[in-house]
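Hi everyone, thanks for making time for this. I'd like to walk you through a structure that may be new to you, so please have a look at it with me.

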Amino acid sequence: MKNHKSILGYIVIGILLMSCSATNNLTMGATEPAIVHLPKDVQRIGIINRSLPSEGNKQIDKIDQILSAEGLNLDKKGAEVAIQALSDKLAGTGRYEEILILDNEMEIRKGLDVFPASLSWEVIEEICAANGVDAIFSLAFYDTDTQVSYKPSVMQLPNSLGVKVSVPAHEVTLNTLIKNGWRIYNPSTRQIVDEFMYTDHLVSSGKGINPVKAIEAVARRNEAVEELSKNIGYAYGSRLSPYKHRISRDYFVRGTDNFVVAKRRAQTGDWQGAAQLWEKELDNSKAKIAGRACYNMAIINEINGDLNAAMDWASKSYADYDNKDALRYLNILKYRLSQNEILEQQASR
């Protein structure tokens with residue numbers, strides 16, 4: 001009983017502390033620059049497929065297909081779908097003049113389920129010159145590995161009278177792991193701009209009166225792999241586009257009556273009305289209150305998109321009033337400003 005009372009006491013104390021917190025939390029939308037940046041002179045893109053096994057690896061690949069119950073064309077089709085999805089994603093941005101899928105570069109195809117050695121710059125430059133492209137996107141490898149498990153089960157089947165009865169059955173489960181890796185080559189700078197690997201998996205199961213029928217019941221696994229491969233291609237293309245997300249900030253809601261009323265205004269979405277009350281506390285004789293007011297003025301300026309003004313207010317809150325939270329916030333604002341500069345460069349394509 002004593003332990004239960006102690007736990008209840010901690011909960012009550014926690015609730016009281018939360019209700020008495022000096023800050024509230026808000027979230028706002030922000031746009032981050034693309035993870036991968038290509039210079040604006042890259043206007044024509046070629047996409048190559050290195051994932052097909054080379055002559056020396058074909059026998060190994062076939063053995064792997066048999067052991068993992070893969071369809072003979074599952075890897076090939078999945079890779080093609082992923083590349084087409086990447087092409088569609090890049091074309092949809094409107095940032096590039098042309099996207100070409102280069103399917104005639106047979107001599108560069110090699111590798112199974114790991115990153116092969118990068119192509120030499122001589123080979124990359126030769127491909128670019130032959131096809132009139134500025135950069136090469138490479139599906140470096142693509143591999144599906146399927147593990148099969150069986151177990152006895154039962155299933156309902158109608159008998160000769162049309163009545164469903166339980167009969168012995170086999171249940172098969174296919175665990176398919178999809179691994180693929182991508183590279184981007186920029187021949188003008190001789191840099192590999194990006195190297196990234198995705199892994200994902202899906203589980204398919206089915207029942208049948210014998211193992212063959214059970215495998216037939218999971219025949220849609222191939223369609224699922226293709227759909228997942230399409231999503232992988234789209235996802236990789238998204239690495240070249242800015243993305244939106246929510247960011248979290250704390251602002252002060254205690255110290256004077258103006259802070260309390262401003263909290264209610266902010267909760268209704270009237271941030272400008274809240275800022276009017278915070279401004280009244282900027283000259284407060286108490287350094288702690290004035291520092292909080294300056295901090296909140298930084299918040300409202302970030303909400304309004306003026307990061308330079310926000311930095312000025314956060315700097316004042318720390319430098320003049322020793323608000324430690326303001327120093328941490330100032331560093332966050334500096335980073336966000338640097339990200340916005342990168343975003344502007346990317347937008348100038």
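Before we start, one term: when I say two residues are in contact, I mean that they have heavy atoms within 4.5 Å. And please keep in mind that this is a predicted model.

Let's begin with the whole chain. The protein chain holds 11 helices and 7 strands. It has 349 residues, and 41% of them count as buried. If you take the contacts between residues at least 6 apart in sequence, 75% of them join residues at least 24 apart.

Now find helix H3, residues 74–93. How far does H3 reach from its first C-alpha to its last? The answer is 29 Å for 20 residues, close to the 28 Å expected at 1.5 Å a residue. Quite a few residues of H3 are buried, including Leu74, Gly78, Val81, Ala82, Ala85, Leu86 and Leu90. Just after this helix comes glycine 94, with a positive phi of about 75°.

Who does H3 meet? Look for helix H6, residues 221–238. The axes of H3 and H6 come within 7 Å and cross at roughly 35°, and the crossing is right-handed. On the H3 side, the contact is made by Leu74, Lys77, Gly78, Val81, Ala82, Ala85, Leu86, Asp88, Lys89 and Leu90. Facing them in H6 are Arg221, Asn222, Val225, Glu226, Ser229, Lys230, Gly233, Tyr234, Tyr236, Gly237 and Ser238. Sorted by class, the residues of this contact are 9 nonpolar, 6 polar and 6 charged.

The crossing of H10 and H11 is left-handed. Among the residues making this contact are Leu307, Ala310, Met311, Ala314 and Tyr318 of H10, along with Leu327, Leu330, Leu333, Leu337 and Asn340 of H11. By class, the contact of H10 with H11 has 11 nonpolar, 4 polar and 3 charged residues.

In the loop between H10 and H11 sits aspartate 322. Its phi is near 55°, a positive value in a residue other than glycine. Why point that out? Most residues other than glycine have a negative phi.

Arginine 190 is another one to click on. You'll find arginine 190 in the loop between strand S5 (164–186) and strand S6 (191–208). Arginine 190 has a positive phi of about 55°, although it is not a glycine. With a relative accessibility of 40%, arginine 190 counts as partly exposed.

One last stop, among the strands. Valine 148 lies in strand S4, residues 135–158. At 32% relative accessibility, valine 148 counts as partly exposed. How far is valine 148 from valine 172 in space, C-alpha to C-alpha? They are 7.0 Å apart, although 24 residues separate them in sequence.

How values were computed
Residues are numbered from 1 along each chain as its sequence is written. This is a predicted model: local features need pLDDT of at least 70, side-chain atom pairs count only at pLDDT 80 or more; totals for chains, interfaces and linings use all residues. Side-chain values use heavy atoms; hydrogens and water are left out. A crossing is left-handed if the near helix is turned anticlockwise from the far one by less than a right angle, and right-handed if clockwise. Helices (H or I, at least four residues) and strands (E, at least two) are DSSP runs, numbered from the N terminus. Ala, Val, Leu, Ile, Met, Phe, Trp, Tyr, Cys and Pro count as nonpolar, Asp, Glu, Lys and Arg as charged, and the others, Gly among them, as polar. The expected span of a helix is 1.5 Å times one less than its number of residues. Buried means under 20% relative accessible area, exposed over 50%, partly exposed in between (1.4 Å probe, protein chains only). Axes are lines fitted to C-alpha atoms, for helices over the stretch in contact, and angles run from 0 to 180 degrees between N-to-C directions.
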